[in-house]
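Good morning, colleagues. Please have the sequence and the structure before you as I go through selected side chains.

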Amino acid sequence: MEWFERTKPYEADLIADLNQIVKIPSILDPNTQSDRTPFGVDMARALAKMEELAARDGFRYGRVDNMVTWIEYGPADAAETVAILTHIDIVPAGEGWLRDPFKPEILDGLYFGRGAADMKADLMSAYYAMKYLADHEITLTRKIRLIIGTDEENGWRDLPRYFEVEGEPTMGFSPDGAFPVVNGEKAFQTVQLRFANQTTGDYVLRRFIAGSRPNVVPGEARARVSVPNPAQVQNEFATYLAQYPFLSGQSEVRDQEVRLLLKGVQAHGAYPQDGENAGTYLANFLRRFAFNADAKTFLDFIGRVVHDDIGAENLGLRYHDDVMGDLTLNVGVMRFSQNGQGTILLNFRYPQGVNVQAVTTQVQRHLGGFAATVEVWPGGMEPHLVPETDELVGTLSLVYAKQTGMYMNPRTSNGGSYARLLKRGVAFGGQFPDVPVTSHQANESTPVANLTRSMAIFAESLLKLAK
């Protein structure tokens, strides 16, 4: 019997369990952080739900520092471990949803909900792959451990701590990428610009807000400006929006201020070409007016220097590696508040051949008159590459080829998965090549058929790696 036929009967139960996880808004919540809930109450609820499923299905499980839950199958005393590296945290829902992001629905064969693509559905497909092996009492030599983190979308403070306590697995994969095997991941690093916000004169930028995470292309930006002729700004804004059919927005005059809302296209910051950055477009519009002082340099930097420049050419950072591809830039967070302090977060993804010192140096060189301090955010990662000759890469590649009827060479990715934390770790699934990427976007979804399709690939892969 083919693997997909074996896993298809699990679909209804898989979806029922997935619904329970998607309904929990497991987003970093500083307001409810404590020793017992280091990333917030909802994150702890999500881990507890996974442990409840593990207890129901007879798996061994445990927790490390209330940050990571592990679920295990196979000989407990095995010398070697095959890891499945996952995370249960998600990015904020953002704007533009046509349905409640935390009330999952199936429409036209698609499963909708925040986390459907990144990565609760793939977490559940991996869990059910392990459940399939357990249900059929398959004997293994290596043990399999599903490792569930809670800080992947933010500071990666979870799995490094897990490895300190539990040790590093022998090998593993993270279903937080794409098929076929992703054996290389670019470096990712966020650079923060901090600056004062002094602005006076006839044109005053009161406030500018765009983005919530450095690894998300902002889908919405807002600004409040005081200007001599509000009607002129409103008319020019309407004309500007008309030039770009992928943008929308609105303006209103309140208390002698013009308030602007611009909507672009939210996307994953690893693939800024998939989005339209609302923040840089709004700054690009506003820089035509006679703002001065810090407002002028702020608007010029994000509205000209880094606007629509995902290759960072204007920063002198365009770079291509034949194995790992191009350097990319996402302008993820933009903040300006009159007479306060402003922030810009630049998220870079770069291949081997580039380093963080080169990135920060070039950013500093291209600030122009922008009096900003340039700081490297903690938690960045250098490029990661596992040789194609490794057993892990070969086994996963052959399983994918067998089940799909198509062999595809291993490749590198802009995305960053927990696989890079292992010396022998790769990303593998669950994004199929023929499915649009919706991670971090409004109306995030995944095809229902791919839930057990991924489960089948994971189950055979785990069997071969752990047998």
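This is a predicted model: local features need pLDDT of at least 70, side-chain atom pairs count only at pLDDT 80 or more; totals for chains, interfaces and linings use all residues.

I turn to aromatic pairs, of which a search of the whole structure finds 30. Trp-156 and Tyr-418 form one that is edge-to-face, with 4.8 Å from centre to centre and 65 degrees between the planes. Trp-156 belongs to the loop between strand 6 and helix 5, and Tyr-418 to the loop between strand 23 and strand 24, so this pair ties together parts that lie 262 residues apart in sequence. Both Trp-156 and Tyr-418 are buried.

Phe-301 and Phe-370 also form an aromatic pair, a tilted one, at 5.6 Å centre to centre and 50 degrees between the planes. Which parts does this pair tie together? Phe-301 lies in helix 8, whereas Phe-370 lies in the loop between helix 9 and strand 21, so the parts joined are 69 residues apart in sequence.

One aromatic cluster includes Tyr-203, Phe-237, Tyr-281 and Phe-291 among its members.

Charged side chains also meet aromatic rings. Arg-99 lies over the face of Phe-112, 4.3 Å from the ring centre. Arg-453 places its charged end over the ring of Phe-432, at 3.9 Å from the centre of that ring.

Finally, I come to Ser-461, in helix 11. Is this residue buried or exposed? Ser-461 counts as buried, because its relative accessibility is 0%. Beyond its neighbours within four places in sequence, Ser-461 is in contact with Leu-396, Val-399 and Phe-428.

How values were computed. Residues are numbered from 1 along each chain as its sequence is written. Side-chain values use heavy atoms; hydrogens and water are left out. Helices (H or I, at least four residues) and strands (E, at least two) are DSSP runs, numbered from the N terminus. Buried means under 20% relative accessible area, exposed over 50%, partly exposed in between (1.4 Å probe, protein chains only). Contact means heavy atoms within 4.5 Å. Rings of Phe, Tyr and Trp (its six-membered ring) pair if their centres lie within 6.5 Å; planes under 30 degrees apart count as stacked, over 60 as edge-to-face and the rest as tilted. A charge sits over a ring if NZ of Lys or CZ of Arg is within 6 Å of the ring centre and within 35 degrees of the ring normal.
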